[in-house]
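Here are my notes on the pockets and cavities, with a few remarks on confidence and domains. Have the viewer open while you go through them.

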Amino acid sequence: MPTRDELEIVALSLKVAFWGVAASLPLAIGTAYVLARKRFPGKTLFDAVVHLPLVLPPVVVGFLLLVLFGRQGPMGRLLEPFGIVFAFRWTGAALAAAIMGFPLMVRAIRLGIEAVDTRLESAARTLGARRGRVFFTVTLPLAWPGLATGAVLAFARSLGEFGATITFVSNIPGETQTLPLAIYTFTQVPGAGLAAMRLSILSVLLSLAALAASEAFTRRRGVRSDA
Amino acid sequence: MLEADVEIERGSFRVEARFASNAPIVALFGRSGAGKSSVIEAIAGLLRPRAGRIAVGGRVLFDAAAGIDLPPEERRVGYVFQDDLLFPHMTVRANLAYGERLTPAPERFVEARRIVALLGLERLLERRPATLSGGEKQRVAIGRALMASPRVLLMDEPLASLDAPRKAEILQYVELLRDELRLPIVYVSHAIEEVTRLADHLVVMAEGRVVAEGAVADVLSRADMVELAGRFEAGAVIEARVAGHDEAYGLTRLAFPGGELVVANVDALVGEPVRARIRARDVALALEAPSKASFQNVLEGVVHSVGHEFGAIVDVTLTLAGGERLVARLTRASVARLALAPGVRVFALVKAIAIDRRSVGFA
(Lines give C-alpha, C1' and ligand atoms only; values in the text may rest on other atoms or scores of the structure.)
Protein backbone atom coordinates (compact mmCIF):
# COMPACT_ATOMS: atom_id res chain seq x y z
CA MET A 1 0.00 0.00 0.00
CA PRO A 2 1.19 3.53 -0.70
CA THR A 3 2.40 5.51 2.28
CA ARG A 4 0.95 8.80 3.42
CA ASP A 5 3.79 10.76 1.81
CA GLU A 6 3.33 8.94 -1.45
CA LEU A 7 -0.39 9.65 -1.44
CA GLU A 8 0.32 13.32 -0.84
CA ILE A 9 2.62 13.41 -3.85
CA VAL A 10 -0.05 11.72 -5.97
CA ALA A 11 -2.72 14.11 -4.69
CA LEU A 12 -0.55 17.13 -5.53
CA SER A 13 0.19 15.75 -9.00
CA LEU A 14 -3.52 15.21 -9.65
CA LYS A 15 -4.33 18.69 -8.41
CA VAL A 16 -1.68 20.28 -10.62
CA ALA A 17 -2.72 18.27 -13.68
CA PHE A 18 -6.44 18.83 -13.10
CA TRP A 19 -6.18 22.59 -12.74
CA GLY A 20 -3.68 22.80 -15.56
CA VAL A 21 -6.19 21.13 -17.88
CA ALA A 22 -9.33 22.76 -16.48
CA ALA A 23 -7.95 26.28 -16.67
CA SER A 24 -6.57 25.94 -20.19
CA LEU A 25 -9.53 24.01 -21.66
CA PRO A 26 -11.66 27.04 -22.64
CA LEU A 27 -8.69 28.73 -24.31
CA ALA A 28 -7.78 25.47 -26.05
CA ILE A 29 -11.35 25.11 -27.36
CA GLY A 30 -11.30 28.68 -28.63
CA THR A 31 -7.90 28.23 -30.27
CA ALA A 32 -8.95 24.92 -31.82
CA TYR A 33 -12.15 26.48 -33.19
CA VAL A 34 -10.26 29.36 -34.75
CA LEU A 35 -7.72 27.00 -36.31
CA ALA A 36 -10.41 24.61 -37.55
CA ARG A 37 -12.90 27.09 -38.94
CA LYS A 38 -11.36 30.49 -39.61
CA ARG A 39 -9.10 31.73 -42.34
CA PHE A 40 -7.00 34.77 -41.64
CA PRO A 41 -3.60 36.15 -42.56
CA GLY A 42 -0.88 34.84 -40.27
CA LYS A 43 -2.76 31.64 -39.48
CA THR A 44 0.31 29.52 -40.21
CA LEU A 45 2.36 31.58 -37.78
CA PHE A 46 -0.39 31.36 -35.15
CA ASP A 47 -0.52 27.60 -35.62
CA ALA A 48 3.26 27.40 -35.20
CA VAL A 49 3.19 29.44 -31.99
CA VAL A 50 0.49 27.18 -30.55
CA HIS A 51 2.63 24.15 -31.33
CA LEU A 52 5.84 25.71 -29.99
CA PRO A 53 5.77 24.00 -26.54
CA LEU A 54 5.71 20.66 -28.34
CA VAL A 55 9.06 21.24 -30.00
CA LEU A 56 10.85 23.53 -27.55
CA PRO A 57 13.01 21.92 -24.84
CA PRO A 58 10.81 21.97 -21.69
CA VAL A 59 13.64 23.66 -19.82
CA VAL A 60 13.39 26.61 -22.20
CA VAL A 61 9.65 26.90 -21.55
CA GLY A 62 10.34 26.76 -17.80
CA PHE A 63 12.99 29.43 -18.09
CA LEU A 64 10.76 31.72 -20.15
CA LEU A 65 8.01 31.26 -17.57
CA LEU A 66 10.46 32.17 -14.84
CA VAL A 67 11.48 35.31 -16.69
CA LEU A 68 7.87 36.32 -17.37
CA PHE A 69 6.01 35.12 -14.29
CA GLY A 70 8.76 35.23 -11.65
CA ARG A 71 8.28 37.77 -8.88
CA GLN A 72 10.46 40.26 -10.77
CA GLY A 73 9.08 39.34 -14.18
CA PRO A 74 6.65 41.69 -16.01
CA MET A 75 3.68 39.33 -15.72
CA GLY A 76 4.53 38.37 -12.18
CA ARG A 77 4.61 41.98 -11.06
CA LEU A 78 1.39 42.72 -12.94
CA LEU A 79 -0.52 39.89 -11.29
CA GLU A 80 0.89 40.07 -7.76
CA PRO A 81 -1.42 42.92 -6.59
CA PHE A 82 -4.38 40.66 -7.46
CA GLY A 83 -3.01 37.90 -5.25
CA ILE A 84 -2.08 35.74 -8.24
CA VAL A 85 1.38 34.30 -7.71
CA PHE A 86 2.91 31.53 -9.77
CA ALA A 87 6.55 31.56 -8.69
CA PHE A 88 7.44 28.58 -6.48
CA ARG A 89 3.75 27.72 -5.95
CA TRP A 90 1.73 24.71 -7.07
CA THR A 91 -0.19 27.13 -9.31
CA GLY A 92 3.05 27.69 -11.19
CA ALA A 93 3.38 23.93 -11.66
CA ALA A 94 -0.17 23.93 -13.03
CA LEU A 95 0.70 26.80 -15.40
CA ALA A 96 3.76 24.93 -16.66
CA ALA A 97 1.68 21.77 -17.10
CA ALA A 98 -1.04 23.70 -18.95
CA ILE A 99 1.42 25.24 -21.39
CA MET A 100 3.19 21.95 -22.09
CA GLY A 101 -0.11 20.13 -22.62
CA PHE A 102 -1.71 22.93 -24.65
CA PRO A 103 -0.59 21.88 -28.17
CA LEU A 104 -1.75 18.30 -27.62
CA MET A 105 -5.10 19.48 -26.36
CA VAL A 106 -5.62 21.97 -29.20
CA ARG A 107 -4.64 19.37 -31.79
CA ALA A 108 -7.16 16.79 -30.59
CA ILE A 109 -9.98 19.30 -30.16
CA ARG A 110 -9.26 20.79 -33.57
CA LEU A 111 -9.60 17.36 -35.17
CA GLY A 112 -12.85 16.90 -33.27
CA ILE A 113 -14.24 20.21 -34.53
CA GLU A 114 -13.07 19.60 -38.09
CA ALA A 115 -15.00 16.33 -38.05
CA VAL A 116 -18.26 18.24 -37.48
CA ASP A 117 -20.11 18.86 -40.74
CA THR A 118 -20.33 22.65 -41.16
CA ARG A 119 -23.65 22.17 -42.90
CA LEU A 120 -25.12 21.00 -39.60
CA GLU A 121 -24.09 24.40 -38.27
CA SER A 122 -25.75 26.06 -41.28
CA ALA A 123 -28.92 24.05 -40.63
CA ALA A 124 -28.94 25.27 -37.02
CA ARG A 125 -28.60 28.86 -38.16
CA THR A 126 -31.52 28.61 -40.58
CA LEU A 127 -33.53 27.37 -37.59
CA GLY A 128 -32.85 30.65 -35.82
CA ALA A 129 -29.71 29.95 -33.77
CA ARG A 130 -27.03 32.62 -33.49
CA ARG A 131 -23.38 31.64 -33.92
CA GLY A 132 -22.79 31.28 -30.20
CA ARG A 133 -25.77 29.01 -29.69
CA VAL A 134 -24.79 26.93 -32.72
CA PHE A 135 -21.36 26.47 -31.18
CA PHE A 136 -22.64 25.30 -27.82
CA THR A 137 -25.57 23.20 -29.04
CA VAL A 138 -24.17 21.66 -32.22
CA THR A 139 -20.43 22.08 -32.73
CA LEU A 140 -19.20 21.40 -29.21
CA PRO A 141 -21.42 18.37 -28.43
CA LEU A 142 -20.48 16.78 -31.74
CA ALA A 143 -16.78 17.53 -31.22
CA TRP A 144 -17.01 15.75 -27.86
CA PRO A 145 -14.70 12.80 -28.73
CA GLY A 146 -11.94 15.23 -29.69
CA LEU A 147 -12.55 17.22 -26.54
CA ALA A 148 -12.30 14.18 -24.28
CA THR A 149 -9.19 12.92 -26.07
CA GLY A 150 -7.54 16.33 -25.88
CA ALA A 151 -8.27 16.74 -22.19
CA VAL A 152 -6.96 13.27 -21.33
CA LEU A 153 -3.83 13.67 -23.44
CA ALA A 154 -3.10 16.99 -21.77
CA PHE A 155 -3.85 15.52 -18.35
CA ALA A 156 -1.46 12.62 -18.92
CA ARG A 157 1.15 14.99 -20.29
CA SER A 158 0.72 17.18 -17.20
CA LEU A 159 1.19 14.23 -14.86
CA GLY A 160 4.53 13.58 -16.52
CA GLU A 161 5.68 17.21 -16.78
CA PHE A 162 9.22 17.60 -15.48
CA GLY A 163 11.58 20.02 -17.22
CA ALA A 164 9.44 23.15 -17.33
CA THR A 165 8.14 22.57 -13.80
CA ILE A 166 11.49 22.09 -12.08
CA THR A 167 12.96 25.08 -13.93
CA PHE A 168 10.04 27.40 -13.18
CA VAL A 169 8.87 26.48 -9.67
CA SER A 170 11.73 24.32 -8.41
CA ASN A 171 11.30 21.09 -6.45
CA ILE A 172 9.58 21.95 -3.18
CA PRO A 173 8.08 18.96 -1.31
CA GLY A 174 4.40 19.50 -0.59
CA GLU A 175 4.17 22.54 -2.88
CA THR A 176 5.66 21.85 -6.30
CA GLN A 177 7.10 18.36 -5.97
CA THR A 178 4.91 16.33 -8.33
CA LEU A 179 5.42 12.62 -9.10
CA PRO A 180 8.19 12.95 -11.70
CA LEU A 181 10.05 15.45 -9.53
CA ALA A 182 9.77 13.16 -6.49
CA ILE A 183 10.98 10.17 -8.50
CA TYR A 184 13.90 12.25 -9.77
CA THR A 185 14.74 13.29 -6.20
CA PHE A 186 14.79 9.67 -5.01
CA THR A 187 17.08 8.64 -7.86
CA GLN A 188 19.56 11.23 -6.62
CA VAL A 189 19.61 9.74 -3.11
CA PRO A 190 21.75 6.59 -2.59
CA GLY A 191 19.64 3.61 -1.48
CA ALA A 192 16.27 5.18 -2.40
CA GLY A 193 15.80 3.00 -5.50
CA LEU A 194 12.83 1.18 -4.01
CA ALA A 195 11.04 4.43 -3.19
CA ALA A 196 11.58 5.61 -6.78
CA MET A 197 10.26 2.29 -8.05
CA ARG A 198 7.12 2.50 -5.88
CA LEU A 199 6.33 5.99 -7.17
CA SER A 200 7.02 4.90 -10.74
CA ILE A 201 4.49 2.08 -10.39
CA LEU A 202 1.94 4.55 -9.01
CA SER A 203 2.65 6.81 -11.96
CA VAL A 204 2.02 3.98 -14.44
CA LEU A 205 -1.26 3.05 -12.71
CA LEU A 206 -2.41 6.66 -12.76
CA SER A 207 -1.73 7.05 -16.48
CA LEU A 208 -3.54 3.81 -17.26
CA ALA A 209 -6.54 4.92 -15.21
CA ALA A 210 -6.67 8.21 -17.09
CA LEU A 211 -6.60 6.45 -20.45
CA ALA A 212 -9.27 3.96 -19.39
CA ALA A 213 -11.48 6.78 -18.15
CA SER A 214 -11.21 8.63 -21.43
CA GLU A 215 -11.91 5.45 -23.39
CA ALA A 216 -15.05 4.77 -21.35
CA PHE A 217 -16.11 8.39 -21.68
CA THR A 218 -15.79 8.56 -25.44
CA ARG A 219 -17.35 5.17 -25.97
CA ARG A 220 -20.42 5.84 -23.87
CA ARG A 221 -20.95 9.14 -25.60
CA GLY A 222 -20.30 7.58 -28.99
CA VAL A 223 -22.82 4.80 -28.47
CA ARG A 224 -25.43 7.29 -27.41
CA SER A 225 -25.10 9.41 -30.49
CA ASP A 226 -25.05 6.46 -32.91
CA ALA A 227 -27.80 4.44 -31.28
CA MET B 1 -44.62 36.91 -52.82
CA LEU B 2 -41.09 35.73 -53.34
CA GLU B 3 -38.69 38.00 -55.14
CA ALA B 4 -35.13 37.05 -55.91
CA ASP B 5 -32.65 38.91 -58.02
CA VAL B 6 -29.18 37.71 -57.29
CA GLU B 7 -25.73 37.80 -58.77
CA ILE B 8 -23.47 35.23 -57.17
CA GLU B 9 -19.80 34.55 -57.67
CA ARG B 10 -18.43 31.23 -56.53
CA GLY B 11 -14.84 31.08 -57.59
CA SER B 12 -14.95 31.14 -61.37
CA PHE B 13 -18.63 30.11 -61.44
CA ARG B 14 -21.15 32.89 -61.87
CA VAL B 15 -24.84 32.63 -61.17
CA GLU B 16 -27.34 35.26 -62.20
CA ALA B 17 -30.96 34.64 -61.40
CA ARG B 18 -33.99 36.85 -61.28
CA PHE B 19 -37.50 35.67 -60.68
CA ALA B 20 -40.59 36.64 -58.75
CA SER B 21 -43.63 34.57 -58.03
CA ASN B 22 -46.79 34.38 -56.02
CA ALA B 23 -47.31 30.70 -56.73
CA PRO B 24 -47.65 28.21 -53.84
CA ILE B 25 -44.75 26.15 -55.17
CA VAL B 26 -41.96 27.65 -57.24
CA ALA B 27 -39.62 25.07 -58.71
CA LEU B 28 -36.03 25.77 -59.64
CA PHE B 29 -35.28 23.23 -62.29
CA GLY B 30 -32.10 22.36 -64.15
CA ARG B 31 -29.31 19.83 -64.20
CA SER B 32 -26.77 19.67 -61.42
CA GLY B 33 -24.32 22.52 -61.57
CA ALA B 34 -26.87 24.87 -63.10
CA GLY B 35 -26.73 27.13 -60.05
CA LYS B 36 -30.05 26.19 -58.42
CA SER B 37 -28.57 25.42 -55.03
CA SER B 38 -26.55 28.64 -55.01
CA VAL B 39 -29.77 30.58 -55.48
CA ILE B 40 -31.57 29.02 -52.52
CA GLU B 41 -28.47 29.22 -50.36
CA ALA B 42 -28.50 32.92 -51.11
CA ILE B 43 -32.18 33.13 -50.13
CA ALA B 44 -31.37 31.36 -46.85
CA GLY B 45 -28.41 33.63 -46.20
CA LEU B 46 -25.85 30.84 -46.28
CA LEU B 47 -24.15 32.46 -49.24
CA ARG B 48 -23.75 36.16 -49.87
CA PRO B 49 -24.55 37.36 -53.39
CA ARG B 50 -22.29 39.96 -54.90
CA ALA B 51 -25.30 42.06 -55.79
CA GLY B 52 -29.05 41.92 -55.88
CA ARG B 53 -32.13 41.86 -53.72
CA ILE B 54 -34.13 39.12 -52.01
CA ALA B 55 -37.53 39.61 -50.42
CA VAL B 56 -40.11 37.22 -49.01
CA GLY B 57 -43.65 38.46 -48.49
CA GLY B 58 -42.48 42.05 -48.78
CA ARG B 59 -39.79 41.60 -46.12
CA VAL B 60 -36.35 42.40 -47.49
CA LEU B 61 -33.77 39.79 -46.54
CA PHE B 62 -30.98 41.07 -48.71
CA ASP B 63 -30.42 44.24 -50.62
CA ALA B 64 -26.89 44.96 -51.71
CA ALA B 65 -27.67 48.52 -52.74
CA ALA B 66 -29.34 49.33 -49.40
CA GLY B 67 -26.72 47.45 -47.41
CA ILE B 68 -29.24 44.96 -45.98
CA ASP B 69 -28.01 41.45 -45.33
CA LEU B 70 -29.91 39.62 -42.60
CA PRO B 71 -28.02 36.71 -41.05
CA PRO B 72 -29.60 33.27 -41.66
CA GLU B 73 -31.01 33.12 -38.12
CA GLU B 74 -33.09 36.25 -38.70
CA ARG B 75 -34.45 35.35 -42.12
CA ARG B 76 -37.16 32.94 -40.96
CA VAL B 77 -36.50 30.70 -43.92
CA GLY B 78 -37.07 26.96 -43.52
CA TYR B 79 -34.42 24.91 -45.26
CA VAL B 80 -34.72 21.23 -46.08
CA PHE B 81 -31.39 19.93 -47.30
CA GLN B 82 -30.71 17.17 -49.79
CA ASP B 83 -29.32 14.94 -47.04
CA ASP B 84 -31.52 15.57 -44.03
CA LEU B 85 -28.75 17.09 -41.81
CA LEU B 86 -30.57 16.19 -38.62
CA PHE B 87 -28.60 16.76 -35.42
CA PRO B 88 -27.20 13.27 -34.71
CA HIS B 89 -26.76 13.89 -30.98
CA MET B 90 -30.40 14.73 -30.38
CA THR B 91 -33.62 12.73 -30.44
CA VAL B 92 -36.22 13.41 -33.08
CA ARG B 93 -38.18 15.35 -30.45
CA ALA B 94 -35.17 17.57 -29.66
CA ASN B 95 -34.48 18.06 -33.36
CA LEU B 96 -38.05 19.22 -33.89
CA ALA B 97 -37.94 21.51 -30.87
CA TYR B 98 -34.64 23.14 -31.83
CA GLY B 99 -36.08 25.81 -34.10
CA GLU B 100 -39.39 26.07 -32.28
CA ARG B 101 -37.72 27.21 -29.06
CA LEU B 102 -35.86 29.93 -30.93
CA THR B 103 -39.02 31.34 -32.45
CA PRO B 104 -40.68 34.11 -30.43
CA ALA B 105 -44.12 32.91 -29.30
CA PRO B 106 -46.15 35.54 -31.21
CA GLU B 107 -44.48 34.50 -34.46
CA ARG B 108 -45.26 30.82 -34.15
CA PHE B 109 -47.99 29.70 -36.49
CA VAL B 110 -47.48 25.96 -36.34
CA GLU B 111 -48.24 23.71 -33.46
CA ALA B 112 -45.94 20.84 -32.66
CA ARG B 113 -48.83 18.41 -32.42
CA ARG B 114 -50.14 19.37 -35.81
CA ILE B 115 -46.78 18.98 -37.54
CA VAL B 116 -46.15 15.67 -35.85
CA ALA B 117 -49.55 14.41 -36.98
CA LEU B 118 -49.23 15.85 -40.47
CA LEU B 119 -45.89 14.18 -41.10
CA GLY B 120 -46.69 10.99 -39.19
CA LEU B 121 -43.86 11.38 -36.69
CA GLU B 122 -45.68 10.18 -33.54
CA ARG B 123 -43.75 6.97 -33.18
CA LEU B 124 -40.36 8.42 -34.03
CA LEU B 125 -40.13 11.10 -31.35
CA GLU B 126 -37.80 9.32 -28.93
CA ARG B 127 -35.53 7.85 -31.61
CA ARG B 128 -32.18 9.11 -32.77
CA PRO B 129 -31.62 10.12 -36.41
CA ALA B 130 -29.17 7.25 -37.02
CA THR B 131 -31.96 4.71 -36.42
CA LEU B 132 -34.36 6.26 -38.94
CA SER B 133 -34.86 5.24 -42.56
CA GLY B 134 -34.13 7.74 -45.35
CA GLY B 135 -37.78 8.70 -45.76
CA GLU B 136 -38.31 9.08 -42.02
CA LYS B 137 -35.25 11.29 -41.74
CA GLN B 138 -36.46 13.55 -44.52
CA ARG B 139 -39.90 13.81 -42.88
CA VAL B 140 -38.28 14.81 -39.60
CA ALA B 141 -36.10 17.32 -41.45
CA ILE B 142 -39.20 18.86 -43.04
CA GLY B 143 -40.89 18.92 -39.63
CA ARG B 144 -37.88 20.54 -38.00
CA ALA B 145 -37.83 23.31 -40.62
CA LEU B 146 -41.58 23.90 -40.23
CA MET B 147 -41.47 24.07 -36.44
CA ALA B 148 -39.44 27.27 -36.67
CA SER B 149 -42.54 28.83 -38.30
CA PRO B 150 -40.74 29.93 -41.46
CA ARG B 151 -42.22 32.38 -43.96
CA VAL B 152 -41.00 30.31 -46.87
CA LEU B 153 -39.83 26.72 -47.12
CA LEU B 154 -36.78 26.00 -49.26
CA MET B 155 -36.36 22.40 -50.35
CA ASP B 156 -33.06 21.51 -52.01
CA GLU B 157 -33.50 18.22 -53.87
CA PRO B 158 -35.23 16.71 -50.84
CA LEU B 159 -35.84 13.44 -52.65
CA ALA B 160 -32.44 12.98 -54.23
CA SER B 161 -31.19 10.41 -51.75
CA LEU B 162 -34.42 8.40 -51.49
CA ASP B 163 -35.67 5.31 -53.33
CA ALA B 164 -38.79 5.45 -55.51
CA PRO B 165 -41.44 4.46 -52.92
CA ARG B 166 -40.01 6.94 -50.38
CA LYS B 167 -39.99 9.64 -53.07
CA ALA B 168 -43.67 9.10 -53.72
CA GLU B 169 -44.35 9.24 -49.99
CA ILE B 170 -42.50 12.54 -49.42
CA LEU B 171 -44.08 14.07 -52.52
CA GLN B 172 -47.48 13.44 -50.98
CA TYR B 173 -46.37 15.15 -47.79
CA VAL B 174 -45.12 18.16 -49.71
CA GLU B 175 -48.51 18.44 -51.42
CA LEU B 176 -50.19 18.13 -48.05
CA LEU B 177 -48.07 20.95 -46.62
CA ARG B 178 -48.87 23.21 -49.52
CA ASP B 179 -52.59 22.63 -49.05
CA GLU B 180 -52.68 22.63 -45.24
CA LEU B 181 -50.21 25.32 -44.24
CA ARG B 182 -50.42 27.68 -47.20
CA LEU B 183 -46.70 28.21 -46.93
CA PRO B 184 -44.82 29.26 -50.06
CA ILE B 185 -42.35 26.58 -51.09
CA VAL B 186 -39.28 26.86 -53.28
CA TYR B 187 -38.52 23.42 -54.59
CA VAL B 188 -35.17 22.68 -56.22
CA SER B 189 -34.94 19.62 -58.40
CA HIS B 190 -33.41 18.13 -61.49
CA ALA B 191 -36.18 15.51 -61.76
CA ILE B 192 -38.80 16.41 -64.33
CA GLU B 193 -41.46 14.21 -62.72
CA GLU B 194 -41.22 15.98 -59.38
CA VAL B 195 -41.31 19.39 -60.96
CA THR B 196 -44.27 18.52 -63.19
CA ARG B 197 -46.18 17.18 -60.29
CA LEU B 198 -45.48 19.87 -57.72
CA ALA B 199 -44.61 23.15 -59.29
CA ASP B 200 -46.98 25.94 -60.18
CA HIS B 201 -44.32 28.35 -61.28
CA LEU B 202 -41.24 26.98 -62.96
CA VAL B 203 -37.83 28.61 -63.19
CA VAL B 204 -35.47 26.70 -65.46
CA MET B 205 -31.76 27.28 -64.93
CA ALA B 206 -28.78 26.31 -67.06
CA GLU B 207 -25.15 27.28 -66.62
CA GLY B 208 -25.89 29.81 -63.95
CA ARG B 209 -28.67 31.64 -65.71
CA VAL B 210 -32.46 31.55 -65.82
CA VAL B 211 -33.31 30.31 -69.31
CA ALA B 212 -37.07 29.93 -69.02
CA GLU B 213 -39.70 30.92 -66.51
CA GLY B 214 -43.46 30.67 -66.26
CA ALA B 215 -46.39 28.32 -65.71
CA VAL B 216 -45.32 24.68 -65.70
CA ALA B 217 -47.39 23.48 -68.64
CA ASP B 218 -46.23 26.39 -70.80
CA VAL B 219 -42.57 26.07 -69.98
CA LEU B 220 -42.31 22.29 -70.18
CA SER B 221 -44.12 22.11 -73.50
CA ARG B 222 -41.75 24.51 -75.17
CA ALA B 223 -40.00 22.86 -78.06
CA ASP B 224 -36.62 24.27 -77.08
CA MET B 225 -36.77 22.84 -73.54
CA VAL B 226 -34.56 19.94 -74.53
CA GLU B 227 -31.75 22.29 -75.40
CA LEU B 228 -32.41 24.54 -72.43
CA ALA B 229 -32.58 22.00 -69.67
CA GLY B 230 -30.53 19.30 -71.31
CA ARG B 231 -30.77 15.79 -70.00
CA PHE B 232 -34.46 15.36 -69.40
CA GLU B 233 -36.55 13.87 -72.11
CA ALA B 234 -38.77 16.03 -74.25
CA GLY B 235 -42.44 15.92 -73.50
CA ALA B 236 -45.50 17.95 -72.76
CA VAL B 237 -47.65 18.60 -69.73
CA ILE B 238 -51.41 18.58 -69.81
CA GLU B 239 -53.51 20.13 -67.06
CA ALA B 240 -56.66 18.11 -66.52
CA ARG B 241 -59.31 17.07 -64.02
CA VAL B 242 -60.19 13.61 -62.87
CA ALA B 243 -63.34 12.68 -64.81
CA GLY B 244 -63.84 9.23 -63.39
CA HIS B 245 -62.38 5.93 -62.39
CA ASP B 246 -62.79 2.58 -64.08
CA GLU B 247 -62.54 0.30 -61.08
CA ALA B 248 -62.83 -2.88 -63.07
CA TYR B 249 -59.77 -2.17 -65.19
CA GLY B 250 -57.90 0.04 -62.72
CA LEU B 251 -57.92 3.07 -64.98
CA THR B 252 -58.56 6.76 -64.43
CA ARG B 253 -60.04 9.11 -67.00
CA LEU B 254 -58.65 12.64 -67.08
CA ALA B 255 -60.62 15.32 -68.89
CA PHE B 256 -59.14 18.45 -70.40
CA PRO B 257 -60.54 20.94 -72.92
CA GLY B 258 -58.91 19.25 -75.87
CA GLY B 259 -60.03 15.71 -75.05
CA GLU B 260 -59.69 12.94 -72.55
CA LEU B 261 -56.76 10.87 -71.33
CA VAL B 262 -56.95 7.38 -69.91
CA VAL B 263 -54.16 6.56 -67.51
CA ALA B 264 -53.38 3.80 -65.07
CA ASN B 265 -55.14 4.29 -61.75
CA VAL B 266 -54.41 7.64 -60.14
CA ASP B 267 -55.17 8.08 -56.48
CA ALA B 268 -57.32 11.21 -56.75
CA LEU B 269 -60.94 12.15 -56.28
CA VAL B 270 -63.23 12.87 -59.19
CA GLY B 271 -63.07 16.56 -60.06
CA GLU B 272 -59.61 17.11 -58.63
CA PRO B 273 -57.16 18.98 -60.84
CA VAL B 274 -54.14 16.94 -61.90
CA ARG B 275 -51.23 17.31 -64.24
CA ALA B 276 -49.99 14.61 -66.58
CA ARG B 277 -46.71 14.60 -68.37
CA ILE B 278 -46.51 12.76 -71.65
CA ARG B 279 -43.05 11.98 -72.95
CA ALA B 280 -42.45 12.72 -76.61
CA ARG B 281 -41.14 9.23 -77.31
CA ASP B 282 -44.41 7.71 -76.07
CA VAL B 283 -46.51 9.56 -78.65
CA ALA B 284 -47.13 8.09 -82.12
CA LEU B 285 -48.89 9.96 -84.91
CA ALA B 286 -51.40 8.72 -87.48
CA LEU B 287 -53.25 10.49 -90.31
CA GLU B 288 -56.43 8.49 -89.60
CA ALA B 289 -57.82 7.32 -86.31
CA PRO B 290 -56.93 3.63 -86.02
CA SER B 291 -60.00 1.43 -85.59
CA LYS B 292 -58.50 -1.77 -84.28
CA ALA B 293 -55.59 -0.87 -82.05
CA SER B 294 -54.70 -1.13 -78.37
CA PHE B 295 -54.11 2.59 -77.89
CA GLN B 296 -56.40 3.93 -75.17
CA ASN B 297 -55.72 7.53 -76.06
CA VAL B 298 -56.36 8.93 -79.49
CA LEU B 299 -56.16 12.71 -79.49
CA GLU B 300 -56.95 14.83 -82.50
CA GLY B 301 -54.70 17.77 -83.27
CA VAL B 302 -52.88 19.89 -85.79
CA VAL B 303 -49.14 19.91 -86.38
CA HIS B 304 -47.78 23.15 -84.98
CA SER B 305 -44.14 22.75 -85.85
CA VAL B 306 -41.65 20.16 -86.98
CA GLY B 307 -38.26 20.16 -85.26
CA HIS B 308 -34.81 20.17 -86.78
CA GLU B 309 -34.82 18.08 -89.90
CA PHE B 310 -31.48 16.38 -89.52
CA GLY B 311 -30.40 13.15 -87.92
CA ALA B 312 -32.75 10.24 -87.47
CA ILE B 313 -35.04 11.80 -84.86
CA VAL B 314 -37.47 14.69 -85.16
CA ASP B 315 -39.69 16.24 -82.50
CA VAL B 316 -43.10 17.21 -83.85
CA THR B 317 -45.21 19.61 -81.78
CA LEU B 318 -49.00 19.42 -82.04
CA THR B 319 -51.76 21.73 -80.94
CA LEU B 320 -54.77 19.88 -79.55
CA ALA B 321 -58.37 21.05 -79.80
CA GLY B 322 -58.23 22.92 -76.49
CA GLY B 323 -54.95 24.65 -77.35
CA GLU B 324 -52.82 22.17 -75.38
CA ARG B 325 -49.42 21.24 -76.71
CA LEU B 326 -48.21 17.70 -77.24
CA VAL B 327 -44.80 16.64 -78.51
CA ALA B 328 -44.19 13.47 -80.54
CA ARG B 329 -40.71 12.13 -81.13
CA LEU B 330 -40.60 10.37 -84.48
CA THR B 331 -38.05 9.15 -86.95
CA ARG B 332 -37.34 11.46 -89.82
CA ALA B 333 -38.43 8.66 -92.13
CA SER B 334 -41.94 8.66 -90.59
CA VAL B 335 -42.19 12.43 -90.81
CA ALA B 336 -41.40 12.18 -94.52
CA ARG B 337 -43.71 9.22 -95.14
CA LEU B 338 -46.70 10.99 -93.53
CA ALA B 339 -45.65 14.31 -95.07
CA LEU B 340 -45.99 16.02 -91.70
CA ALA B 341 -45.82 19.77 -91.88
CA PRO B 342 -47.37 22.63 -89.93
CA GLY B 343 -51.15 22.63 -90.41
CA VAL B 344 -51.55 18.92 -91.11
CA ARG B 345 -54.37 17.25 -89.13
CA VAL B 346 -53.15 14.22 -87.19
CA PHE B 347 -54.18 11.79 -84.49
CA ALA B 348 -51.82 11.39 -81.56
CA LEU B 349 -51.72 7.86 -80.15
CA VAL B 350 -50.64 7.41 -76.55
CA LYS B 351 -50.64 4.16 -74.60
CA ALA B 352 -52.30 4.59 -71.23
CA ILE B 353 -49.42 2.87 -69.45
CA ALA B 354 -46.89 5.16 -71.12
CA ILE B 355 -48.10 8.16 -69.18
CA ASP B 356 -45.62 8.67 -66.43
CA ARG B 357 -47.65 7.97 -63.31
CA ARG B 358 -45.10 9.57 -61.06
CA SER B 359 -45.68 12.85 -62.82
CA VAL B 360 -49.44 12.71 -62.44
CA GLY B 361 -50.18 14.76 -59.40
CA PHE B 362 -52.56 17.16 -57.80
CA ALA B 363 -52.25 20.53 -59.40
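1. Domain bounds here come from an automatic or database domain assignment. For chain B that gives domain 1 (2-220) and domain 2 (235-362). The C-alpha centres of domain 1 of chain B and domain 2 of chain B are 33 Å apart.

2. Some housekeeping: this is a predicted model, where local features need pLDDT of at least 70 and side-chain atom pairs count only at pLDDT 80 or more, while totals for chains, interfaces and linings use all residues. Residues are numbered from 1 along each chain as its sequence is written, chains are lettered from A and ligands numbered from 1 in the order in which they are written, and side-chain values use heavy atoms, with hydrogens and water left out.

3. On confidence (pLDDT is the predictor's own per-residue figure, from 0 to 100), chain A has a mean of 90, with 96% of its residues at 70 or more. Watch residues 223-227 of chain A, though: pLDDT is below 50 there, and the stretch has seven contacts in the model beyond near neighbours in sequence. Contact means heavy atoms within 4.5 Å.

4. On a 1 Å grid over the protein atoms alone, a cavity is a set of points where a 1.4 Å probe fits but cannot get out; a pocket is an open set with protein on both sides within 12 Å along at least five of seven lines; lining residues have an atom within 4 Å of a point. Points are joined across faces, edges and corners, and a volume is the space filled by probe spheres set on them.

5. The largest pocket comes in at about 780 Å³. It has 29 lining residues, and those closest to its centre are A:Thr118, A:Glu121, A:Ser122, A:Arg125 and B:Leu46. Two or more lining residues each come from α1 (4-37), α6 (118-126) and α7 (131-142) of chain A and from α1 (36-44) of chain B; helices are DSSP runs (H or I, at least four residues), numbered from the N terminus. The largest share, five residues, belongs to α6(A).

6. The whole structure has two cavities of 30 Å³ or more. The largest cavity is about 50 Å³, and its lining includes A:Phe69, A:Arg71 and A:Glu80.
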